[in-house]
Each structure stands twice: as structure tokens, then as C-alpha cells.
Amino acid sequence: MIILKVFLAACVLYAAESTETSGFIKMTSPLIQEFPFGVNNSKSYSSTMLCTYECLTNERCHGVQFHIQTEIKCSFETCLNPDLLTEYRQTGVAVYVKDDLGKSLNMLLARDKLATQSSYYDRALYKASHGNDGIYYNASNPRASLVHTEIEYRPWWRVDLQEDHCVWAVNILNRIESPYEIWRRSKNAEVTVAMREEDIEYNGSNPEVLCNYYDGVLNKFYTLITCEQPIRGRFVQILFNANTHLHLFEIEVFGI
């Protein structure tokens, strides 16, 4: 059965006439026509048969990228978010995404993983681990579930996922218990993802780590920040690009 599926997939990839094939959905990117090779791409193949076979049999493969007009070249993609892709419209580069990829989405990649932060308003009370412990709001003692830094320029919270994942988005629960609208301190959120902790800081010359930037005040409750393109990495950081406190109740990391 797997051999038949691969043969059908390879035939349709070569013909490039259908929007779906066995095991894949044919799409394209609305942002760029080619994904950055060397980041999410492991290697290229001259044989579409071998390329699709390896993808279908490898859990780390999310899909393949096929250059239709320029040359017969199939590329193995290891980090895709199908929600960012659109129906294929003869662009010359097709992205064949595994049709069951969305079922692998994990919204709790950060749960109970090792977390750190740039400073502590009260180290004994406000722990970095409060940001991903699954206690979204402790009604009897809200501060017992709060991440809280000193007031500083560009405060951050960071989590080590312990292994690399394809990160799609982060979901942030703001500080909501205060009557004085101090939740408005949460603003200008910069989300970065990197393989190594020493590479997590975005400096303008390393766009490959920048998931996305949320300009302005975060929502009072949840703010979902989706990466412009998914990024494979082990470390995820939330940074507020302002002179402010970082105080949040929970941070979720979505990905595969």
C-alpha cells in the first residue's frame, strides 16, 4: 500500500496537475515562493519518487517542495504550518503538505519545561515556572501563578522545550486580576525561536529567529501570536520591547 501511495504521489508531482495526491495536499505560500533552504529543508532530490517516499515514511517530514517550471527538484520540508499556505495557483513552486499534519499539532509544548526570565520582582514569590505550569489563574492567590520581572528595558521570559520542535505560535495570558489596568504594561511583544539559547536574541541581522512582533498593547486576556513562517527550534522567548515589567499568567507554545 505504501509503495502504491508513493508511486501515485510521484506521478502527480511530476505532472503537477492536481491539487491533491495520495498522502499530500498541494498548496503554495502566499508570502514567499521558496522556503529558506538550510533552515527547514534537510536535502534536495532529483528523484520525486525518492523524495516523496522518504517524506511519507519519516515523521520529521511535514511535506515536500517541488519546483515545477525551472527544474525537476523535490525538497524535503521539516517545518510547515498548513494554515499559512493557500491553494496552489501555478506559481512554479508547489508545497505538498502531509494531509494529516494538523493532527500532530501540540498546544502544550512548553508545559512544565525549564523556564527562565530576565529578572525577578520577588524571586521567592514570582517564579519563571509559573508561566508554563498549567495553572492559568489561581483565584484564591493570583500571585502564586504569576510571572513577574523588575521594571527594565526589554524584559523577557524564555522556555527550553528540551528538544527541537516546529513552532507555529505562542498564546499569552496577560495579567488580569488588578483593577488598575496594569495589564497595559504588556506591550510590543517580540517572539523568537532558536536551536541554541545563545542565538535567541533578535538583533536585526538574524531574521531566521524572529517568529513575529506584536506592535502595541497585548489584549487584556489572551493574545495569540502566530509566526510569519514556522521556525524549528528548541528555545522560545517572549520579550517586551519597552521599559516595563513583564508579568503574565501563562504562556503556551503551539507546534509539532
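Asn188 lies in strand β12 (strands, E, of at least two residues, are DSSP runs numbered from the N terminus). Its phi is near 50°, a positive value in a residue other than glycine. Most residues other than glycine have a negative phi. Asn188 counts as buried, at 15% relative accessibility (buried means under 20% relative accessible area, exposed over 50%, partly exposed in between, with a 1.4 Å probe and protein chains only). Gln162, found in strand β11, also has a positive phi, near 75°, but is partly exposed at 48% relative accessibility.

This is a predicted model, in which local features need pLDDT of at least 70, side-chain atom pairs count only at pLDDT 80 or more, and totals for chains, interfaces and linings use all residues. Residues are numbered from 1 along each chain as its sequence is written, and side-chain values use heavy atoms, without hydrogens and water.

The largest nonpolar core has 27 residues, of which Trp157, Val170, Val236, Ile238 and Val253 touch the most other members. Two or more residues each come from β11 (156-174), β12 (187-194), β14 (222-240) and β16 (247-255). Such a core is a set of buried Ala, Val, Leu, Ile, Met, Phe, Trp, Tyr and Cys residues joined through side-chain atoms within 4.5 Å.

Salt bridges number 10, each a side-chain nitrogen of Lys or Arg within 4 Å of a carboxyl oxygen of Asp or Glu. Asp160 and Arg234 form one at 2.6 Å, N to O. This pair joins strand β11 to strand β14, 74 residues apart. Asp160 is buried at 10% relative accessibility, whereas Arg234 is partly exposed at 30%.

Methods. Helix = DSSP H or I, 4+ residues; strand = E, 2+ residues; numbered from the N terminus.
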